[in-house]
Amino acid sequence: MSEQVPAATAGPGEGAAEVPPLPEVLALSGVSAMVGGRVIFSDVSLRVRAGEFVAVLGPNGVGKSTLLKTVLGLLPISAGRIEVFGGPSGRHNSRIGYLPQRRAFDPATRIRGVDLVRMGWDGDRWGVALPGRLTGRAGREARERVREVIALVGGQAYAHRPIGQLSGGEQQRLLIAQALIRRPELLVLDEPLDSLDVTNQASVSALIQSVCRSHGVAVLLVAHDVNPILPYLDQVIYLAHGGAVMGRPEQVITADTLSMLYGTTVDVLRDRSGRLVVVGQPDSHAEHRPQPRPRP
């Protein structure tokens with residue numbers, strides 16, 4: 001079972017009079033998914049509007065990446081309904097920028113960051129068209145767009161270096177630039193903060209929020225740890241084993257809710273600046289995880 005916290009569908013900046021609702025990008029209604037005959041999650045409902053930053057949270061094995069794949073139409077759902085830009089999942093993927101889970105690049109990888117970004121422009125075609133070899137109007141347009149997105153993520157200083165020589169944070173910024181190059185209206189990011197240190201987690205999270213606000217791009221991001229991204233989020237969806245709780249961070253991220261989901265004591269505190277901090281969260285990579293306690 002899932003629980004929708006009231007007012008979870010409001011977009012950033014809503015609540016003031018005379019402000020029209022932002023366009024709805026994504027809607028999940030009572031969605032369930034099965035893999036290999038096993039129910040991964042059930043009865044998940046969520047609405048995401050343009051310019052919203054939404055995180056999908058929870059330990060390993062609860063279906064976070066599976067949820068993204070259903071949104072992309074890569075996996076079928078067993079119940080419910082998904083609408084992306086008003087149509088079925090998979091129909092409008094040209095309007096979605098997708099960054100899947102990744103492993104670190106081998107230090108010997110020689111392809112330059114700028115060429116990696118360029119692959120997002122026409123990487124679905126045969127071969128790799130390097131920016132320096134393009135001619136005509138199409139070439140000028142591609143080169144200009146590559147420059148724009150590299151500047152957007154602040155990667156000008158290192159984009160022409162081999163990707164294998166860059167830090168994890170620099171690599172991730174360029175991968176985000178690649179996902180943005182076709183001007184998507186929805187950005188789907190699977191574990192973009194994984195393997196980054198705390199400083200880079202914060203800077204990449206701030207970058208993603210900036211893209212949301214300045215370009216009106218909706219973001220659906222999977223993460224294990226909520227703390228690095230918590231200050232930037234509009235909504236969260238916490239998946240437990242089979243169920244979910246959704247809403248605004250201050251509504252969902254409470255000691256009672258998280259303790260119920262994880263089946264063990266989780267504390268939620270405020271730091272000196274007043275920001276929420278989750279402590280005592282079980283190790284997301286542990287092999288054994290307790291089942292969530294039933295709701296009273």
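Contact here means heavy atoms within 4.5 Å, and helices (H or I, at least four residues) and strands (E, at least two) are DSSP runs that are numbered from the N terminus. The structure is a predicted model, in which local features need pLDDT of at least 70 and side-chain atom pairs count only at pLDDT 80 or more, whereas totals for chains, interfaces and linings use all residues. Residues are numbered from 1 along each chain as its sequence is written, and side-chain values use heavy atoms, with hydrogens and water left out.

**Figure 1. Helix α4 and the elements that cover it.**
The buried residues of α4 are covered by elements that include β7 (96-99), α2 (113-122), α3 (136-152), β8 (186-190) and α5 (198-215). Buried means under 20% relative accessible area, exposed means over 50%, and partly exposed lies in between (1.4 Å probe, protein chains only). By this criterion G169, Q171, Q172, R173, L174, L175, I176, A177, A179 and L180 are buried in α4; because these are ten of its 13 residues, the helix is largely enclosed by the rest of the structure. The expected span of a helix is 1.5 Å times one less than its number of residues, and for the 13 residues of α4 (residues 168-180) this gives 18 Å, in agreement with the 18 Å between its end C-alpha atoms.

**Figure 2. Helix α2 and its packing partners.**
In α2, the buried residues are G113, V114, D115, L116, V117, R118, G120, W121 and D122. Nine of the ten residues of this helix are therefore buried, so α2 is largely enclosed by the rest of the structure. Its buried residues pack against α3 and α4.

A salt bridge is a side-chain nitrogen of Lys or Arg within 4 Å of a carboxyl oxygen of Asp or Glu, and a search of the whole structure finds eight of them. One joins E144 to R147, with the closest N and O atoms 2.9 Å apart; because these two residues are three residues apart in helix α3, about one helical turn separates them. An α-helix has 3.6 residues a turn, so residues three or four places apart point the same way. E144 is partly exposed, with a relative accessible area of 35%. R145 and E148 form another salt bridge, at 2.9 Å from N to O, and these residues too lie three residues apart in helix α3, about one turn of the helix. R145 counts as buried at 11% relative accessibility, whereas E148 is partly exposed, with a relative accessible area of 33%. Salt bridges that share partners join R145, E148 and R183 into one network.

**Figure 4**
Four strands form an open sheet in the order β3-β2-β5-β6, with antiparallel pairing. The edge strands, each of which pairs on one side only, are β3 (38-49) and β6 (87-88). Two strands pair if DSSP finds at least two bridges between them; strand β2 (residues 24-35) and strand β5 (residues 79-84) pair in the antiparallel sense over five bridges, and A79 in β5 is the bridge partner of S32. A salt bridge links E83 with R81, where the closest N and O atoms are 2.8 Å apart. R81 counts as exposed at 52% relative accessibility, while E83 counts as partly exposed at 26%.

T66 lies in helix α1 (residues 64-71) and is buried, with a relative accessible area of 15%. When residues up to four places away in sequence are not counted, T66 touches A33, V35, I40, F41 and L75. Q201 lies in helix α5 and is likewise buried, with a relative accessible area of 14%.

**Figure 3. The chain as a whole, for orientation.**
The secondary structure of the chain comes to seven helices and 13 strands. Of its 296 residues, 48% count as buried. Among the contacts in the chain with a separation of 6 or more, 67% are between residues 24 or more positions apart.
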